[in-house]
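Open the model in your viewer and keep the selection panel at hand. Each stop below says what to select and then what is there.

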Amino acid sequence: MDHAKSQLDAELIRRILAGEKLLFHDLIRSCERPIYLLLYSLLRNEAEAEDAAQETVIKVYTNLHLFRGDSQFRTWVLSIARNEGLGRLRKIGSRREDSLDAGNDDQGGDFTPAILTSWREIPTTALEQSELAAILRKAIDGLPEIYRNIVLLRDIEEMDIRETAAALEISEGAVKVRLHRARAMLQRVLAPQLKAFAPRRKGLFGGFR
Amino acid sequence: MRIDCKHVWQHISAYIDGDVDAALRAEIDLHLETCEICSAVLDSTRNVVILVADERVFELPAGFSRRLHERIDRELAQS
């Protein structure tokens, strides 16, 4: 996120705290999607993630005076979302140990890619087929938590390495390692399935093969 | 020294992000010229990264934003 956006956020926050409360709607809008996705990544349940997202946003509003501006507003919001999500996981006795142990990078997993000898690009227009989106979602859902949240923030929300590290309270080095492993796992799972979605190539003499 | 396929795979993610130094990038490029397996691994990984980033893959639940802003309105009314 650029400097201009930070300044815009800072100005909105100043006005909200000075009494123009309705501007909070505008302030939070660009954070809605990353908040939800991060919580969905942690809780893996749509309704629970939505409830936690609402709780997060209310906490952001009531604690707005505490935002110091030494990080991006979105980063600060996402750390509140993450704490909300982790708190809920603890309350329900953590169905998954890995999500609470964010420091553990030694989780097993095969990071060898699927070996191919050629690849025909699958254009994003192929996503008009809902089946393809479902396959991608399932692959991401199947990643261990510490890799899934990196993919959601870095590759899906397109946050940079620094902001991703700050939001998840891990080092930039850890973000890079996990991102690499996550992408390798996704390639391994997805490449064989995705081949079916490659557009047919025109053969010689205008025929299709 | 020529780098091998496993070495290339270790750097694929950083390579895609443009986060490898010039010397390593040159070595990887040289390897890719002659290795169809690594070229296909790189192309498919990059393709996967682009596809998962598409907004159609993870959509917010229908009505999510409306319900959120209604909740904010209730909170603002009380504060």
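Predicted model: local features only at pLDDT ≥ 70, side-chain atom pairs only at ≥ 80, totals over all residues.

At what angle do α5(A) and α8(A) pack, and how far apart are their axes? Select both helices: they pack at an angle of about 35°, with their axes 8 Å apart. Axes here are lines fitted to C-alpha atoms, for helices over the stretch in contact, and angles run from 0 to 180 degrees between N-to-C directions.

Residues are numbered from 1 along each chain as its sequence is written, and chains are lettered from A and ligands numbered from 1 in the order in which they are written.

**Stop 1**

From α5(A) select A:Thr75, A:Leu78, A:Ser79 and A:Arg82, and from α8(A) select A:Glu163, A:Ala166, A:Ala167 and A:Leu168. Two residues are in contact if their C-beta atoms, placed from the backbone, lie within 7 Å.

**Stop 1: helix α8(A)**

Now select residues 161–168 of chain A, which form α8. Six of the eight residues in this helix are buried, meaning that 20 or more other C-beta atoms lie within 10 Å of a residue's own, with C-beta atoms placed from the backbone (exposed: 12 or fewer; partly exposed: in between). Among the buried residues are A:Thr164 and A:Ala165. The buried residues of α8(A) pack against α5, α7 (145–156) and α9 (172–194) of chain A. Step on to A:Glu169, which follows α8(A) and has a positive phi, near 55°.

**Stop 2: two domains**

Colour residues 3–94 of chain A as domain 1 and 124–197 as domain 2; such bounds come from an automatic or database domain assignment. The C-alpha centres of these two domains of chain A lie 22 Å apart.

**Stop 3**

Finally, show chain B. Here 32 residues of chain B are in contact with 41 residues of chain A. Select α4(B), residues 36–52: this helix gives 13 residues, the largest share of the side of chain B that touches chain A.

Definitions and conventions
Helix = DSSP H or I, 4+ residues; strand = E, 2+ residues; numbered from the N terminus.
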